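User: Could you take a close look at one part of this model for me, the packing inside it? I'd like the contacts spelled out.

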Amino acid sequence: MTTLNPASNPWRDDAAVIGLVGIAHASSHFSHLLLPLMFPVFMRTFGLSYSELGFLMTVFFVVSGMGQASAGFVVDRFGARPILFGSLVVMALGALTVAAAQSYGGLMLGAAFLGLGNCTFHPVDFTILNQKVSAPRLGYAFSAHGLTGNLGWALAPVFMVGLSTAFDWRTAYVGAAFMFLAIFVLLLWQREFLHADVVDHKQSANSVSTLAFLKIPVVWWCFSFFLLSTMTLAVVQSFSVSILQAMHNVTFEAATFTLTAYMLCAAAGMFLGGFVAARWPRHSDKVVASCMTIAALFMALCGSGIFDATTTMTILAATGLAIGVGGPSRDMMIKKATPKGATGRVYGMVYSGLDVGFAISPLIFGLFMDRGWYGATLLGAALVLLFSVLVALGVGRRTVHA
């Protein structure tokens, strides 16, 4: 039997679970930026266009999305912990593959390995958190989960640009591989905190009942929300450095620092959002919609070109804060829409929308970038984010009546 949301645990045990899962989640988000950060280097080394670079991220997230949709079933069947360990090893292999790449094909193979390693983290993480963390602390666990993910994003520019400046870009990827392996060793050492029960399917042995959650409309609304909201994030991750350089003639280091500032602001927002989610758990959809609306306005201001470089970079960083505050409420919104006993499957399917958004966005907005439509890229990202607001409100309406 699966034990969900124990009423109370010693706070040290909950803190250990939250911390270890958070470190794993940070490594997943760290992997998202391994390729985009080196786009300017890849353009010089391999002579690639923005569209070709964007396709690398499409490969990453197509593999991750397909894997994530099925990873939920694997997690429910075999347990979260062994899947987590395997994912870290595969991501290390992906980083080493990129380090050794001699052509565009080698970069694509590395992207595929990184995507495969990334695919399991959301069903793994939320399965462990939902089973192991006391119910009263779950909102804070979701906040810490999102916060550590954003810290992983924030660390990536410092780590990769720092190593590539001190040595070269290939050494930076070797360093990333060793970081994944170090996290694997840490989690293996503390593995007793990461044990999660498998789901007993004896009472639902046929495939129809196992897939019954796919017939629930709100699951697909949640999927759509992740798809749309992530398209905007993909623009920031993949192209914000190039956009800032093209629109405002800032240095590569300044543009990269802005991306780090965005991620740090998002992490701070996640911390604040944990208190917001705990204070208004019944209104998570409205919290999410409000935060995304503010973020879309900020993004549109950045794309308008009416501000100077410093103001634009400041507003872009503030966009991360707005999105971050809505993060824990977003996870609470998904939890309320999840049928009992289907945590891994639902989170795997819903969060695969994140991968689809990451896969589609570079293809669309990479064409914008190749045509020099830098401001329009940010304006388009803002418009897509506004669409996600409508979907979030739709999730809230359908969850009430689900």
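Analyst: Contact here means heavy atoms within 4.5 Å. This is a predicted model, where local features need pLDDT of at least 70, side-chain atom pairs count only at pLDDT 80 or more, and totals for chains, interfaces and linings use all residues. Residues are numbered from 1 along each chain as its sequence is written, and side-chain values use heavy atoms, with hydrogens and water left out.

Let's start with Tyr173. Setting aside residues up to four places away in sequence, Tyr173 touches Leu34, Leu35, Met38, Phe42, Ala95, Val98, Ala99 and Met160. Tyr173 also belongs to the largest nonpolar core, which has 116 residues. A nonpolar core is a set of buried Ala, Val, Leu, Ile, Met, Phe, Trp, Tyr and Cys residues joined through side-chain atoms within 4.5 Å; buried means under 20% relative accessible area, exposed over 50%, and partly exposed in between, using a 1.4 Å probe and protein chains only. Leu35, Phe42, Met160, Tyr173 and Leu187 are the residues with the most contacts inside that core.

Which helix gives the most to this core? That's H10 (residues 217-248), with 17 residues. Helices are DSSP runs (H or I, at least four residues), numbered from the N terminus.

H10 is also where you'll find Thr232. Thr232 is buried, with a relative accessible area of 0%. Leaving out neighbours within four places in sequence, Thr232 is in contact with Met299, Ala381, Val384 and Leu385.

Conventions:
Helices (H or I, at least four residues) and strands (E, at least two) are DSSP runs, numbered from the N terminus.
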